[in-house]
Amino acid sequence: MENLRKIGALVALCIGCSGVQAQPLQTRELADGWSFRQLNIGAWSPAVVPGTVHEDLLRNGRIEDPYFRVNERSLQWIDKLDWEYRTVFDAPESVGRDRVELCFDGLDTYAAVYLNGECVLESANMFRRYRVDVTRIVRPAGNELRVVFSSPVREGLERLTAYGIALKANNDQSELGGLGPVKIAPFNRKAGYHFGWDWGPRLVTSGIWRPVRLESWGGARLADDYVYTLSCDERSARMGVDVTLEVAAAGTYRVDVLFDGERVARFDRMLGEGRNTLSSEFELRNPRLWWPNGAGDPNLYRVEVSLSRADTVIDRRTHRTGVRTLRLVQRDDADGRGRSFGFEVNGRMLFMKGANWIPSDNLLPRVTSERLGHLVRSARDAHMNMLRVWGGGTYEDDRFYALCDSCGILVWQDFMFACSNLPGDEPFLAEVRAEAEDNVVRLRNHPSIALWCGNNEIEILWRPWNATNKPGMKDGYPQEQADVLTRAYVGIFHELLPDVVRRLTRGAGYWHSSPSPGERIPWGSVDVTRYGDVHNWNVWHKRLPFEHYEEAVPRFASEYGFQSFPEMATVATYTLPEDREIESEVMTAHQRSKIGNSTILEYMARDYRVPTRFGDILYMSQVLQADGVRRGIEAHRRGMPWCMGSLYWQINDCWPVASWSSIDCYGRWKALHYAAARAFENVIVSPFRHGDTLDLYVVSDLVRPVTGRLELTLLDFDGRELGSRTLRVKAGANTSTLVGSFPVSELLSGVDRTQCVLVCRLTGRDVDYETLYYFDKVKNLRLPSSDVHFAVRSGGEGRCVVELSTDRLAKSVAVAYNGETGIFSDNCFDLLPGRPREIELRTADAPETVLRGLTCMTIDKTYEMEK
Ligand code: BMA
């Protein structure tokens, strides 16, 4: 279908006495009529743009689903070949225009573009947008557009040879890719995870992965506008706006800037050919500030910029932005032994609650707006206010940041570098510079962007400021090569990238690496829990118990986490029944951490018991992950204001796999996501035991103190009350407060600790929160056999309400509808006798149908199997 969009409803007009032809810019999406084939070989097959070679092969029935069983292994030939795409299009609107441009929002990765046989672009960076002047070449009809992709593997190998120094990239699964030990990922400006990761397959894609279009314009066009907050409070805001025009024909132009429908700037200027930037400031009275989720509303304003010539609007840009100030605050501690690390929004320090974000598919164009929307809304619904877009993936689509803007989710934005050292030759640096400029400009209007961060884990691996080569990635390099690579590191992360952020934003924050104790602080020279941000992998990679989270509370936890398997409904999509053993070939192909299964089982044996049935192991792994990561979240929040952020690794998946995610690749919430939603509420009660003492904390992110009653009730597993006490509580605003401390023996007063639970419930003006505390590990509890009962009623259009009740304590109840667990409003919680609970299910099915399809898992059921 032809898609011709006219900017403004106007046709070409000849206005007044100026005699100037003013025509609106016209955009033609080039999404149709594409076909593809291996370069110069065989017949053309239909293709979809945006897309990738892998998707087109799949759609044409030439390969099998790469995510099914071990199919990935037999698809490694695709990245060794060259491919070509072509389409033919008409462009009558281009006739007589000053400028016609071919615009690519993303080419993955090594592409040569030919229009009517002429090479108009050669690209080598999937993260950049390209705009090519084709005025001379385009015709009114029958244009042939051809894009040739050369093998990213061959290109990577050529770059490695030219550079002459091998680079380390542990996550590059080169063996699987048929390259033996040779790592090429760091030489390409292409998503690192495409080469494999410890949660992802190796599928090295090529393709026109983002939209392509033709823009025809006369006179000038709006290249960009940047609207920013200089200062603001509830009474007024001082704003700035920079509008950049691309002028093809010198002349007089008018630019109007509308903010929330009101004109806030008008420029009437005589402009010369080339780029022109016009700047202005304006005031807003009583602005509705943009607040992160939980701190207020994420208010957005509509910005409209129009460009006119001779009274005709020839180009228009609209978007939404927010009014807010944001600072990364780092202050030296009074004792000189540390430095704070926290985010201040609109003058208020906010605790960052959230997770790390990876790309949502290996075949990126498959990530629909629905999938993105579901994930970002799931972050919001779990009371998160920050996502970290991790450096081994991609700079996300505009849609993602728009969703974050409207959900109040701040974005810690890594530049796309992760876990490898990097070349520092001029062509590479030129790509990095262009990519950084392009993405900073593309994303800087989003109020959600909180911080630009140079890279993921390269500083900690490379240790540029440490005198010796050990320990670290430098190991094995002769000194002169190590010096070259250190120079490359410093050049990119301490010069080039901060310079781009400084030049192209009004004061956006830059942090050179995550994790880092701070600018040029050698690793090992300070206690990292006192400085900067921390990736705490002592739990999991070093197998320390979950209690370690409580002992090592950092200033900002930007990564920590634990794996689980996806639920059975997800496992069923990539396995056959005979694969359903966790050590089967197929299950291990969907478990990319070499220590994955053994680590899960080791921790499971410590705190729970390892069930024998496959489905029970999947379930138990989720219960374990939820409990472990929740402990981390609560430890970080109790550590407020010393600690000001807790981002677990990781919220999403890129394919069906065992991983650290809290939502699987089909959008199903794991037990962790439900647990995170409870642990990230604005006000929580958090019990913490040390020795024979149980401390009770109230952690609050609210602006005013919390006053209320904290009821502590000891119950046995049949629901009988064994004791209770009530505390009047006053907890500080925006901090963590110890509200009570009790000897465990006093709380238990003779009751067997394996047969009771302490219900801690805080009620008050802004709060109604309940949490349960057990006095022993779950494996030691004498869990009774529970009998969970369901009742279902309609919850209005498209929803059912499921009421759960039980006769005895039901631990970690995971309700499933037609075998699916991660689709309820809440799930995987402990259910107490006499305390029914309601959860919601989005479904068009009738309540009676839903009732018939409900089942549930509980810990006691998995234990019973072993009896
Ligand atoms: C972190 C991440 C990823 C990795 C994860 C789990 O450090 O940055 O590299 O997937 O650990 O190992």
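Leaving aside its neighbours within four places in sequence, which residues is leucine 39 in contact with? The first legend gives the list. This is a predicted model, in which local features need pLDDT of at least 70 and side-chain atom pairs count only at pLDDT 80 or more, while totals for chains, interfaces and linings use all residues. Residues are numbered from 1 along each chain as its sequence is written, and side-chain values use heavy atoms, with hydrogens and water left out.

**View A. Surroundings of leucine 39.** Beyond its neighbours within four places in sequence, leucine 39 is in contact with Asp82, Trp83, Glu84, Arg146 and Val148 (contact means heavy atoms within 4.5 Å). Leucine 39 sits in the loop between strand S5 (35-38) and strand S6 (41-46). Helices (H or I, at least four residues) and strands (E, at least two) are DSSP runs, numbered from the N terminus. With a relative accessibility of 21%, leucine 39 counts as partly exposed; buried means under 20% relative accessible area, exposed over 50%, and partly exposed in between (1.4 Å probe, protein chains only). The C-alpha atoms of leucine 39 and tyrosine 85 are 8.7 Å apart in space, and the two residues are 46 residues apart in sequence.

**View B. Residues around the ligand.**

**View C. Polar side-chain atoms at ligand oxygen atoms.** Glutamate 457 has a polar side-chain atom 2.2 Å from an oxygen atom of the ligand. For glutamate 559 the corresponding distance to a ligand oxygen atom is 2.8 Å, and for histidine 541 it is 2.9 Å. The protein buries 96% of the 300 Å² that the ligand exposes when taken alone; accessible areas come from the Shrake-Rupley method with a 1.4 Å probe, and for residues only the protein chains shown count as cover.

**View D. Helix H3 and its packing.** Helix H3 covers residues 369-381, and its 13 residues should span 18 Å at 1.5 Å a residue; the end C-alpha atoms are 18 Å apart, which agrees. The expected span is 1.5 Å times one less than the number of residues. Leu372, Gly373, Leu375, Val376, Ser378 and Ala379 of H3 are buried. The buried residues of H3 pack against strand S26 (352-357), strand S27 (386-389), helix H4 (398-407) and helix H13 (671-679). Just after H3, histidine 383 takes a positive phi of about 65 degrees.

**View E. Valine 120 in strand S10.** Strand S10 (residues 118-124) holds valine 120, which counts as buried at 17% relative accessibility. Leaving aside neighbours within four places in sequence, valine 120 is in contact with Leu102, Val113, Leu115, Val132, Val134 and Ile137.

**View F. Aspartate 333 in a loop.** The loop between strand S23 (326-329) and strand S24 (342-345) contains aspartate 333. Its relative accessibility is 15%, so aspartate 333 counts as buried. Not counting residues up to four places away in sequence, aspartate 333 touches Gly338, Arg339, Ser340, Arg555 and Trp642.

**View G. Two cis peptide bonds.** Serine 514 and proline 515 are joined by a cis peptide bond with omega about 5 degrees. Proline 515 is in the loop between strand S30 (509-511) and strand S31 (534-535). Another cis peptide bond, with omega about 15 degrees, joins tryptophan 649 and glutamine 650.

**View H. Asparagine 780 and aspartate 776.** The side chains of asparagine 780 and aspartate 776 make a polar contact at 3.0 Å. A polar contact is a pair of N or O atoms within 3.5 Å; within protein, one must be able to donate a hydrogen and the other to accept it, and residues adjacent in sequence count only if both atoms are side-chain atoms. Asparagine 780 is in the loop between strand S40 (767-774) and strand S41 (788-794), and counts as partly exposed at 34% relative accessibility.

Note on methods:
Near = heavy atom within 4 Å.
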